[in-house]
Amino acid sequence: MLDHVQLAMPKNEEDRARAFYAGLLHMKEVDKPAGVQKSGGVWFKDHGTALHLGIEEPFSPAKKAHPGLTVATFEEMSDRLQDAGYPVEHDTRLAPRRRFFTTDPFGNRLEIISAHLPTLTPKKLTDGSHVRLVAPASSLSTVELKIIDGAIETLESFGLRVSISQHARAVNPFGSSDPKLRVADLHAAFADPNVDAILCVRGGFSTNELVDLLDYELIRTHPKILCGFSDITALSHAILTNTGLVTYSGPMLRAFRDRDAYTIDYFKQVLFGTDPVTIKPSIHWRDSDRGHVITLPNKGPILLSPGQASGRLIGGNLCTLNLLQGTSHFPDLRDTILFLEDDYEVHPATFARDFASLMAQPGAETIRGIVFGRFQLATKMTEEHLRYLISLYPSLKQIPVLANVDFGHTSPLFTFPIGGQVDLHDEVIRLHIS
C-alpha cells in the first residue's frame, strides 16, 4: 500500500511550497518527524494522500513522473490556479473522468483529478412513464400482497405504468435473493429503453453484496431514476460514486400503499418537477411501537447548530452507508452536506459509534452541514443525546446541524436527491432537483 509520494524542491524554498500546496491546493502541512527535520523540505497531506517535498541539490524538476491529486471542487481549483498564474492543461482522454495538468512553483508536473464524475440528473417522470419495481435488498416475497397491490394502485393513480422485475420474488435463506439475480434485474431495468424509472420495493439487507457486480458503464450510459431508502443507501452511493448518476432517497411500497399526502406531495415535487423544493415540516408523524401505530404532533426541526451552507447532498441510512467504508464505492465526503438516519435497531450509543466511524473518514473535517432524520421511538434517542454527540466534534459547531427532520423509518417522509445540491439556512432546507 502506498504511504506517500515524494517530490523534490530547491533549498530554502519552503515558503513558496507552503503558498502553493497549502494556499492554493488547500493541503494541510504536517510536522516532519524530528529525525528528518534538519534536512529541510515540507510535508503535506489531504484526504488520505501524503505528499513529501524534499531538498535536492542540484535540483531538477520532475517533468514526466508526477502525483495525481483528487479534488472535490474541480472547476474552482482550475480557476484558482490560473488566477494565480499557473497554466492548466485540460485532458479529455479519460472521459468521463475529468483531469488537468499543471506545475508547482518549481516546475514539478502535477495531475489534478476531479473526485467526482460529472453529475448525471435523470429525466423526470411524466404522465405515462413506465416504472419497474425491483428488489435489490430483501425479496418482494416478504411483502404482503395487499401492500403490493395498494402501492401499484397508488402509482397508477399518478399516471404511471408499473411492471415487476423478473426475479423480484426470488428468495434465499437470508430473505434476499442470489446477488446475480438482483444484479440481472437492475441491469435489465437500466438497459430497457421502455423503463423510465426504477423503484425499490423495500429495504432490508444485502444491497452491499451487489456493488462489486454492477456494470457501471451500462448504468452511466442509460441514466434513469432509482428511488428507495434504508438498505438501498449502499446501492445509491455505489452508483453515484461510479457513474455520477443522482439517485433518490424516497418512499417504497409500504409508503405508497399508505398514501400519506405529505409523502406523496414531495415524491411528486422531486421526481416529476424541476423547480427547487423547500422542505416544510409535516404536521403529524407516525411510528410503530409493539405492533401499534402511534401518531404524534410534529414539533418541527431541532436546530442543533445554526448556520448557512450549500453543498452536495449524500447520506441516508448511516449504518448501511458505513458498509462502504474502505471500498472504492464510498463517496467523497469533502464539501458535502450529510443527511443521516437509522432505524429501531440502533440506540444512542450504537448510533454515536457509527457516527464516529463516519467522522473518522478522510474529508469529514470539511463537511458543510448535517441533517438528522427522525429517530423511531424504540431507539430512545433524545435531543440531549444529539446535542452531546455533536459537541464531541468541534468542527460541527461552525456548520448548520438539524435534527428531527421528516425522513428515515417513520412516516411521513420527503424525497431527496443523493448527489444533488442542497442549501441549508438554519431550519430551512432547499433542494435543487433539476
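**Group meeting talk: a helix, a sheet and a core**

Hi everyone, let's start with helix H6, where Ile232, Thr233, Ala234, Leu235, Ser236, His237, Ala238, Ile239, Leu240 and Thr243 are buried. Buried means under 20% relative accessible area, exposed means over 50%, and partly exposed is in between, using a 1.4 Å probe and protein chains only. Helices (H or I, at least four residues) and strands (E, at least two) are DSSP runs, numbered from the N terminus.

A word on the source: this is a predicted model, where local features need pLDDT of at least 70, side-chain atom pairs count only at pLDDT 80 or more, and totals for chains, interfaces and linings use all residues. Residues are numbered from 1 along each chain as its sequence is written, and side-chain values use heavy atoms, with hydrogens and water left out.

Back to H6. With 10 of its 12 residues buried, H6 is largely enclosed by the rest of the structure. Just after H6, glycine 244 has a positive phi of about 85°.

Which residues does leucine 120 contact, leaving aside its neighbours within four places in sequence? They are Arg220, Thr243, Gly244, Leu245 and Val246, and contact means heavy atoms within 4.5 Å. Leucine 120 sits in the loop between strand E8 (109–114) and strand E9 (130–134). Its relative accessibility is 25%, so leucine 120 counts as partly exposed.

Now the sheet. Eight strands form an open sheet, in the order E14-E24-E23-E18-E19-E20-E21-E17, with mixed pairing. Two strands pair if DSSP finds at least two bridges between them. Strands E14 (277–279) and E17 (302–305) are at the edges with a single partner strand each, so one side of each has no neighbour in the sheet. Inside the order, E18 (residues 308–317) and E19 (residues 336–341) are parallel partners over six bridges. Look for glycine 316, which stands opposite leucine 340 in E19.

Finally, the core. A nonpolar core is a set of buried Ala, Val, Leu, Ile, Met, Phe, Trp, Tyr and Cys residues joined through side-chain atoms within 4.5 Å. The largest one has 98 residues, and Phe339, Phe355, Phe372, Ile429 and Leu431 touch the most other members. A second, separate core has 23 residues, including Phe44, Leu51, Val71 and Phe74. As for leucine 431, not counting residues up to four places away in sequence, the residues touched by leucine 431 include Val270, Pro276, Val277, Ile279 and Leu313.
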